[in-house]
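Subject: Structure handover

Hello,

Here is the structure you asked about. Please look through it first; my notes follow below.

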Amino acid sequence: MATVELTFSALPAHVRTARLVATAIARRTGVEESLLDEVRLAVGEACSRAVEAHRLHCPGEPIRIELRDDSGRFEVTVSDLAPSDEIKQEQPLDLGMLSDSFMSGFGIAVISGLADDVEVFPSPKGTNIRMSWPASNAAVS
């Protein structure tokens, strides 16, 4: 299991870099070529959402991305430090139960349509969005 961690400041220009890194790592972990656009778009949505939240609440704090291959899956977690008023506990949410403002304002609905599996963990300390896609065992070295 390999893990890559990336942190960046809350600037929109860094979202493109995060998308490029995620797509390159997805390709190397064996994600099918036909899914790479979904990876790129979902990571871009999650990072854009984090940048917007940080610019409002904590512009000096970095956004963190963790990319890993684990048991035949390519997994990306985008973590921000902006407080969420959506829920006061740190556990995964049922995406169908999120308020319209949380879903429409932050692109969670788009992300859930692009990723094979999505979990959202909002808390007063920030939000983690975990997305994953199937990856082959024959990853490129």
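Which residues have the most contacts inside the largest nonpolar core? They are Phe74, Val76, Val78 and Met131, in a core of 32 residues. Please keep in mind throughout that this is a predicted model.

Overall layout

The chain has four helices and five strands. Read from the N terminus, the order of elements is β-α-α-β-β-α-α-β-β. Of the 141 residues in the chain, 43% are buried. Among contacts with a separation of 6 or more, 68% join residues 24 or more positions apart.

In soluble globular proteins, nonpolar side chains tend to be buried together. Here, the largest nonpolar core has 32 residues. Two or more residues each come from α1 (13-29), α2 (36-57), β2 (63-70), β3 (73-79), α4 (108-114), β4 (117-123) and β5. The element that gives the most is α2, with eight residues.

Valine 78 shows what such a position touches. Leaving aside neighbours within four places in sequence, valine 78 is in contact with Ala46, Cys47, Ala50, Ile63, Arg64, Ile65, Thr127, Asn128, Ile129 and Met131. Met131, like valine 78, is listed among the residues with the most contacts inside the core.

The α1/α2 pair

Two packed helices are described by the angle between their axes and the distance between the axes. For α1 and α2 the angle is about 145 degrees, and the axes are 9 Å apart. Their crossing is right-handed. On the α1 side the contact is made by Val15, Ala18, Arg19, Ala22, Thr23, Ala26 and Arg27. On the α2 side it is made by Leu36, Val39, Arg40, Val43, Gly44, Cys47, Ser48 and Val51.

Cysteines

Cys47 is part of that helix contact and also touches valine 78. Cysteine 47 counts as buried because its relative accessibility is 0%, under the 20% limit. Cysteine 58, at 12%, counts as buried as well.

Is serine 132 buried or exposed? Its relative accessible area is 2%, so serine 132 is buried. Serine 132 lies in strand β5, which covers residues 126-134. Its side chain makes a polar contact with the side chain of arginine 73, at 2.8 Å. Not counting residues up to four places away in sequence, serine 132 touches Arg73, Phe74, Glu75, Ala115, Asp116 and Asp117. Phe74 is also one of the core residues with the most contacts.

Serine 71 is in the loop between β2 and β3. With 73% relative accessibility, serine 71 counts as exposed. Most residues other than glycine have a negative phi. In serine 71, however, phi is positive, near 50 degrees.

A loop glycine

Glycine 107 is in the loop between α3 (100-106) and α4. Its relative accessible area is 10%, so glycine 107 is buried although it is in a loop.

Regards

Technical notes. Residues numbered from 1 in each chain as written. Predicted model: local features only at pLDDT ≥ 70, side-chain atom pairs only at ≥ 80, totals over all residues. Heavy atoms only, no water. Buried < 20%, exposed > 50% of the residue type's maximum accessible area, 1.4 Å probe, protein only. Polar contact = N/O pair within 3.5 Å; in protein donor to acceptor, adjacent residues only side chain to side chain. Contact = heavy atoms within 4.5 Å. Core = buried A, V, L, I, M, F, W, Y, C linked by side-chain atoms within 4.5 Å. Axes fitted to C-alpha atoms, helices over the stretch in contact; angles between N-to-C directions. Left-handed = near helix turned anticlockwise from the far one by under 90°.
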